[in-house]
Amino acid sequence: MSKFKKKKGGEMPAVNTASLPDIVFMLLFFFMVATVMRQNTLMIENKLPQADQIEKLDKKSLVMYIYAGKPSTNYKSQYGSEARIQLNDKFADVSDIAAFIAAERASKREEEVPFLTTALKVDSDANMGLVTDIKQELRKVNALKINYTTRKGDALEGLKQ
Amino acid sequence: MAKRAAPEVNAGSMADIAFLLLIFFLVTTTIETDSGLNRKLPPMEESDQDVIIKEKNIFQLEVNRNNQLFLKTGGEEKVIEIKDLRASAVTFLDNGGGTGDDACRYCQGKKDPRSSDNFDKAIISLQNDRATKYDTYIAVQNEIIAAYNELRNREFKRAFPSLDMNFVEAEKAYSDPRTTPGTKAKLKVKLEEIKTLVPQKFSEAEPKSN
């Protein structure tokens, strides 16, 4: 008789969650490995344009970043809505670029200096006037290797958005 | 005395800790883009004497403030769409209208006397307005690089059929850290050869101020 009684009292067994930590850890490791800590806090909108004839920038340490774009909403009241340049963590003027490049060069070893590349991370809504000013400034300090950083994608598709 | 079993550590909160870390990394992660169009700026010092270039060897592009593209080449001017730019640029570069010393050995174009002489003579020039939008500029740059790459791919395949790769793939293999130094040295010679055969003669004029 007792045999039957046992079955009667059975409820839905709880789902075994013992493997949950394993799954979470797996995700955690993925993100830990894939994460690149941002060097600069962006104070501008930075939606990069798309292109498909791209080359990879191989040596991360030999890249100088120049950001440009409209100030993001937090800074709009202070800096207006015209596209601006950001160097390191602050807004800068075109004339500050020369000093920035000089500082970056000084922080690298001498033999590495010729291989320094300037990556221009410019918002797709920016005007060419600003970009041209940056390029002129880079020519003045002889930083001729540049890279227009873009996302991978069809350039023509990107235009339509 | 009876041996007591060591009490088991409660691992129930491990999932919580892992979740906390996971969420932290999820929030801070930005998948950085680190690829783009590589270009070289011209040096500042300008040579005094002007180089004389025949008009037929110039493929003159102009992007105006409304992001429209004008093309002036072979004595005609027209508005073109960016999607047609790649094909027109390839036709221009590949024309091979030169004769005698300027004859183009590998061009497969129509040999129109009003268009470019050979790969080496053909120049693409781009002028933009200060109010041109950056994404249009990048699209134009992208199409021009694509046109050069198309020709370089073709020439690379023709010159080195045994490698079974095109120019872009070869360049990728060259910059790949896994490639052995021996292969790298061999690739470099070949890449340089194609680069001198089909040079990127691309000039950017100072933008018009408005």
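This report covers a sheet in chain B and selected residues of chains A and B in a predicted model.

## Basis

In this predicted model, local features need pLDDT of at least 70 and side-chain atom pairs count only at pLDDT 80 or more, while totals for chains, interfaces and linings use all residues. Residues are numbered from 1 along each chain as its sequence is written, and chains are lettered from A and ligands numbered from 1 in the order in which they are written.

## Sheet in chain B

Five strands of chain B form an open sheet with mixed pairing, in the order S4-S3-S2-S5-S6. Strands are DSSP runs (E, at least two residues), as are helices (H or I, at least four), numbered from the N terminus; two strands pair if DSSP finds at least two bridges between them. Strand S4 (76-80) and strand S6 (202-204) of chain B are the edges, each pairing on one side only.

S2(B) and strand S5 (residues 123-128) of chain B run parallel and are joined by six bridges. B:Leu61 has B:Leu126 in S5(B) as its bridge partner.

## Non-glycine residues with positive phi

Most residues other than glycine have a negative phi. A:Asn142 has a positive phi of about 65 degrees and sits in the loop between helix H5 (128-140) and strand S7 (145-149) of chain A. B:Asn67 has a positive phi of about 60 degrees, in the loop between strand S2 (58-63) and strand S3 (69-73) of chain B.

A:Asn142 is exposed, with 11 other C-beta atoms within 10 Å, whereas B:Asn67 is partly exposed, with 19. By these terms, 20 or more such atoms within 10 Å make a residue buried, 12 or fewer exposed, and counts in between partly exposed, with C-beta atoms placed from the backbone.
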